[in-house]
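Hello,

Please find the structure below. My notes on it follow.

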Amino acid sequence: MTIARRIRVLAILIAVLSTSATATAAWATSARKWSPPVVVDAHESHANQVTYSASCPSATFCVVADGNGDVTLRRNGRWLPGQPVKAGGSFDSVSCSTSTHCVAIAGGGANAVTFNGHTWSPALTMGPEATYKISCPSSGFCAAVGASGKPGGSNTIALLRGRTWSSHQVSSTGARDDRLMDVSCATPTSCVAVNLDGQRLIFNGVSWTSVKSAGPKGLISIACVTPAFCLAVADTGQSTTFDGTRWATPRSIPHFSSSFSYSVSCSS
């Protein structure tokens, strides 16, 4: 290779590296900024049905389910018009494992609907009436927990395997805070459910085990990335991590102080 050709090759390589570095720097800078808010549901939500649930399995696809029983999709950076889905009530929660598999639960009738990338399925009853949270780590498995609206009422645990739901009741101590608030599954064989009273339920793919300890109370939302890492937030504005065996000492979330932490989501 001649000296002139080597110089040209070196110049091209430097240009490519410089372009890559510039793009990386630009991405890093933009990733730290929130976009301006946009209205995604023109119908808004009733005063007593303001809960929204969102799930984004990728950077190019999201689903929002709301208290009016509507769902709104976001594809490739653009929000599509919302559409009503007949699920028998307002949506409590939605979870997507991929852009072609989402499950949303309407707690009013405890009905679940499934999205295949194009349409939503007819509603299937998956448990008794309750307020539900759902986690779908794969297209063949979802776990959901339901908190009864009655003081001392039983909690519900439901599993979706393929197209079949199964559910059973979890007895309550009768305490006001003994209500299952959220569940997160890192895999179909590793799920963790939390409640406000400090109880945790661990799923190993076969059965649920109740774990009561001196761990943090007031847990309202949890996100499990792997069986050895979960992050949970409490209604006190604190967060804690779980390594599969032990809970870390709760720490205050910066700028939250004693504010109410409602939901958490982690991708890694």
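Strand S20 (residues 238-242) and S21 run antiparallel and are joined by two bridges. Glutamine 238 has serine 252 of S21 as its bridge partner. Strands are DSSP runs (E, at least two residues), numbered from the N terminus; two of them pair if DSSP finds at least two bridges between them.

This is a predicted model: local features need pLDDT of at least 70, side-chain atom pairs count only at pLDDT 80 or more, and totals for chains, interfaces and linings use all residues. Residues are numbered from 1 along each chain as its sequence is written, and side-chain values use heavy atoms, without hydrogens and water.

The open sheet has four strands, ordered S18-S19-S20-S21, with antiparallel pairing. Strand S18 (219-226) and strand S21 (251-252) are at the edges with a single partner strand each, so one side of each has no neighbour in the sheet.

There are five disulfides (cysteine sulfur atoms within 2.5 Å). They follow the pattern 1-2, 3-4, 5-6, 7-8, 9-10, counting bonded cysteines along the chain. Cysteine 266 is in no disulfide; the nearest cysteine sulfur, that of cysteine 224, is 8.9 Å away.

Cysteine 96 is bonded to cysteine 102, S to S 2.1 Å. Both are buried (under 20% relative accessible area; exposed is over 50%, partly exposed in between; 1.4 Å probe, protein chains only). Cysteine 56 and cysteine 62 also form a disulfide. Cysteine 56 is partly exposed at 47%, whereas cysteine 62 is buried at 10%.

Valine 113 touches residues including Phe91, Cys102 and Trp120, not counting residues up to four places away in sequence (contact: heavy atoms within 4.5 Å).

Best wishes
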